[in-house]
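Have a look at the structure first, and then we'll go through it.

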Amino acid sequence: MKLSQFKFKLPDERVALYPAHRAFTNDDGTVDRIFNRDQCRLMVLHRKSRQIDLFKKDADGNATDEPLTFRNVIDYFDEGDTFIFNDTKVFPARLYGTKEKTDAKIEVFLLRELNEELRLWDVLVEPARKIRIGNKLFFDGDGPMVAEVIDNTTSRGRTLRFLYDCPHDEFKQELFELGEPPLPRYIVERREAEADDVVQFQTIYAKNEGAVTAPSTGLHFSRELMKIMEIRGFNFAFLTVHLSLGSFDPIEVEDLTKHKMNSEQMVIPKECCDLVNSTKQSGHRVCAVGVSTARATESAVGTDGMLKEYDGWTNKFIFPPYDFGLSNALISNFYHPESTMLMVTAAFGGYELVMEAYNTALENNFNFGCYGDAMLILDD
């Protein structure tokens, strides 16, 4: 397929800047928000019948005028079905510092730690043109955190050595206290990160630290919803994909077969495989929560349709047409035009049906992006 086939007009007002919430304006003009993870809107696609559900149904199965919310996702599953979650944990990757001598403000986006002993980090800097090898960056005003640029890696990429003499755990704690939640650029260009984002831009089941962006579909799951799912007899399987910024990199080729994804570290443990495989063998549904989970499982599914243990990296790029070997249900968000996440969704649900659903979403004022609304795709 071609990149241009995934192009559509997304108005700015349809990109969610906050998760689902109720807002209250105070007398002084400030706004308080009460967040409800599982109260975003939900669209359900049935890929065989090509039916699209937007509204709840009454006892007779007729559509009402009440929109589906994410909590209704459980009404489409049965006892014994399994949901696969990505339990990566986002760290506060975005820092702001100043350049020595000029005091120019510099954004530093932490990507990964390269060497614990030497305090080496792979980072992105903005504006990159001002940062050269040998420059020193100072963080937190007169605080002790200082970094030296020791290498250029890409046009915006640098290797930093943090000059901080203390035990590694203490250094990392101090470093992360300087950072803020790494919200996507399309949000921070319109508002600053806030205290609420520390909680909201993290799944409730996050466990293994290493991601620089959140697995956004998982953000819709609340503790209350997962407790209800547990009571209903649903199974939870967990794998880890440490999300990089690769999914946000613009695709620069029209022929999608020529695009190369950045590699991401992933681990699929035996416990996850055993639960998922027994679910498949018993004839129950396996639902991938998010496109990162779908990419991971497709990187490790065998020719027999069973999930295999995995500990390594994946750069798997999925776009239509593609036959999924493992999951028979997928939960996703609504993504930006020409994004790799949209392509995975279209590969699972079918290009024509998913693009029709996106048009329907725009017509019905659904919200897009990591804090936006959700889509469930079923194989029926």
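What follows covers the nonpolar cores, the aromatic rings, the charged pairs and the cysteines.

A quick word on the ground rules: this is a predicted model, so local features need pLDDT of at least 70 and side-chain atom pairs count only at pLDDT 80 or more, while totals for chains, interfaces and linings use all residues. Residues are numbered from 1 along each chain as its sequence is written, and side-chain values use heavy atoms, with hydrogens and water left out.

**Cores**

Let's start inside. A nonpolar core here is a set of buried Ala, Val, Leu, Ile, Met, Phe, Trp, Tyr and Cys residues joined through side-chain atoms within 4.5 Å. As for burial, under 20% relative accessible area is buried, over 50% is exposed, and anything in between is partly exposed (1.4 Å probe, protein chains only). The largest core has 71 residues, and Met43 and Tyr358 touch the most other members. Helix 8 (residues 351-363) gives this core its largest share, eight residues. Helices and strands are DSSP runs numbered from the N terminus (helices H or I, at least four residues; strands E, at least two).

Which residues does Tyr358 contact, leaving aside its neighbours within four places in sequence? With contact meaning heavy atoms within 4.5 Å, the list runs Phe8, Asn333, Phe334, Tyr335, Leu342, Phe368 and Met375. There is also a second, separate core of 27 residues, with Ile106, Phe109, Val123 and Leu124 among them.

**Aromatic rings**

The structure holds 27 aromatic pairs. Rings of Phe, Tyr and Trp (its six-membered ring) pair if their centres lie within 6.5 Å; planes under 30 degrees apart are stacked, over 60 edge-to-face, and the rest tilted. Phe91 and Phe176 are a stacked pair, at 5.2 Å centre to centre with 10° between the planes. This pair links distant parts of the chain, 85 residues apart: Phe91 is in the loop between strand 8 (88-90) and strand 9 (94-99), and Phe176 is in helix 1 (residues 168-178). Phe91 is buried at 4% relative accessible area, and Phe176 is buried at 14%.

Phe162 and Phe171 give a tilted pair, because their planes meet at 55° with the ring centres 5.7 Å apart. Phe162 is buried at 2% relative accessibility, and Phe171 is buried at 0%. Elsewhere, one aromatic cluster takes in Phe70, Phe77, Phe83, Phe85, Tyr205, Phe221, Phe234, Phe236 and Phe238.

Helix 1 also holds Asp169. Is Asp169 buried or exposed? At 64% relative accessibility, Asp169 is exposed. Its C-alpha atom is separated by 46 Å from that of Lys9, 160 residues apart along the chain.

Some rings have a charge sitting over them, that is, NZ of Lys or CZ of Arg within 6 Å of the ring centre and within 35 degrees of the ring normal. The charged end of Arg47 sits over Phe348, 4.2 Å from the ring centre. Arg191 does this with Tyr18, at 4.0 Å.

**Salt bridges**

A salt bridge is a side-chain nitrogen of Lys or Arg within 4 Å of a carboxyl oxygen of Asp or Glu, and the count comes to 19. Here are some of them:

| Pair | N to O distance |
|---|---|
| Arg94 and Glu107 | 3.4 Å |
| Arg285 and Asp380 | 3.3 Å |
| Lys308 and Asp304 | 3.1 Å |

Arg94 is in strand 9 and Glu107 in strand 10 (residues 105-115), 13 residues apart. Both Arg94 and Glu107 are buried. Arg285 lies in the loop between helix 5 (270-281) and strand 18 (286-289) and Asp380 in the segment after strand 21 (374-378), so the pair ties together parts 95 residues apart in sequence. Asp380 is partly exposed at 32% relative accessible area. In the remaining row, Lys308 is partly exposed at 37%, and Asp304 is partly exposed at 46%. Arg47 turns up again too, in a salt-bridge network with Lys48 and Asp379.

**Cysteines**

Cys273 is buried at 3% relative accessible area. For Cys370, the closest cysteine sulfur is in Cys40, and 12 Å is too far for a bond. Cys370 is buried as well, at 7%.

Notes
A disulfide is a pair of cysteine sulfur atoms within 2.5 Å.
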